[in-house]
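Trainee: Please take me through one part of this model in detail. I would like to look closely at the aromatic rings and what surrounds them.

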Amino acid sequence: MEELYHNYKNAVFQSGNSRADEIVLSNMAVAFDRVLLDIEEPFTFSSYHKSMREPFDYYMFGQNYIRPLVDFRSSYVGNVSLFFEMEEKLNQGHNIVLISNHQTEADPAIIALLLESTNPHVAENLTYIAGDRVITDPLCKPFSMGRNLICVYSKKHMLDVPELIEMKRKSNTRSLKEMALLLRGGSQIIWIAPSGGRDRPDPVTGEWYPAPFDTSSIDNMRRLAEHSGIPGHIYPLALLCHDIMPPPPQVEREVGEKRVISFHGAGLSVAPEISFPDIITASKNPEEAKEVYTQAFYNSVTEQYNVLKSAIHGQQGLKASIPSVSLSQPWGD
């Protein structure tokens, strides 16, 4: 906790905000308060967890905590018009699925912060498919309590403790049922990272890139959306924010990783939905179609990611836009 405090303080001071002192004290006091409260009376997440907004607003707590870490001057959103298209579809009762890469524990807050001025409905109503670590790590839990979550055990950690494998499988089946129910109700927007974990830099070059996508995760999501009886739309989403709170270099089995934090620009981009029927017509068999469909998402996310990277790390700003990815800074001044 002490390390988190110092890392957070240094990051907020990097921003040059004249109120940095006050922001750090206020945000860290609330964070420690919530962490300690949960240690005294641990909160248990159900398979489907609805964002807790009262008596304490955990959603705004997460937003306020991460906001001073985002350098909005060098942050960008790609194809913001598509988020308006999504809002329209949600209003018509349709379901939306976002197939995304995943970079940090702060991803949900960063996505919501980059969209809150233009698309608050998307920002606040997103449901995240979350791994078990964010609902068990004491420093993560208060932030997770502010999000809509469908809790699953990631494949990466499925076999960590052999005697828990069966319990984890049963729990994942429950979560799938919850998701099917949600989608049948319509007007849902669900975020999933089919890599099953956070992106990591290349151990040799140190370059970051989206981790490969798991075909069965995307196929399960597609079938759930198709079988819901409600029109569904699946979009590729790219996220670049690893500088703000990078994960440890390797996947760790133990909970309680070191939090490295900095003030930095972040990016979010979405591309038009990818339709499975269009893909399947060109494929020889269903298995090949699933692979091609997964690759189409991965290629789109990687292309968008590279544009965000040129804008933020290559300091090209809005000039990094390409015909398929139009960057903007919709929060204005």
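Mentor: Start with the rule for rings. Rings of Phe, Tyr and Trp (its six-membered ring) pair if their centres lie within 6.5 Å. Planes under 30 degrees apart count as stacked, over 60 as edge-to-face, and the rest as tilted. Keep in mind that this is a predicted model. A search of the whole structure finds twelve aromatic pairs.

Take Phe56 and Tyr58 from that search. Their ring centres are 4.7 Å apart, with 75° between the planes, and the pair is edge-to-face. Tyr58 is buried, because its relative accessibility of 8% is under the 20% cut-off. Phe56 has a relative accessible area of 21%, so Phe56 is partly exposed.

Now turn to Phe61 and Phe143. Their centres are 4.7 Å apart and the planes meet at 25°, so this pair is stacked. The pair joins distant parts of the chain. Phe61 sits in helix H3 (residues 58–66), Phe143 in helix H7 (residues 141–144), and 82 residues separate them. Phe61 is buried at 7% relative accessibility. Phe143 is partly exposed at 22%.

Ring pairs link Tyr8, Phe56, Tyr58, Phe61, Tyr65 and Phe143 into a cluster.

Arg34 lies over the face of Phe56, 3.6 Å from the ring centre. Val30 touches both Phe56 and Phe61, leaving aside residues up to four places away in sequence. Val30 lies in helix H2 (residues 20–40). Its relative accessible area is 31%, so Val30 is partly exposed.

The charged end of Arg222 sits over the ring of Phe276, 3.6 Å from its centre.

Finish with the cysteines. A disulfide needs a pair of cysteine sulfur atoms within 2.5 Å. By this rule the count is zero. For Cys140, the closest cysteine sulfur is that of Cys151, at 12 Å, so the two are too far apart for a bond. Cys140 is buried, with a relative accessible area of 6%. Cys151 is buried as well, with a relative accessible area of 6%.

Conventions. Residues are numbered from 1 along each chain as its sequence is written. This is a predicted model: local features need pLDDT of at least 70, side-chain atom pairs count only at pLDDT 80 or more; totals for chains, interfaces and linings use all residues. Side-chain values use heavy atoms; hydrogens and water are left out. Helices (H or I, at least four residues) and strands (E, at least two) are DSSP runs, numbered from the N terminus. Buried means under 20% relative accessible area, exposed over 50%, partly exposed in between (1.4 Å probe, protein chains only). Contact means heavy atoms within 4.5 Å. A charge sits over a ring if NZ of Lys or CZ of Arg is within 6 Å of the ring centre and within 35 degrees of the ring normal.
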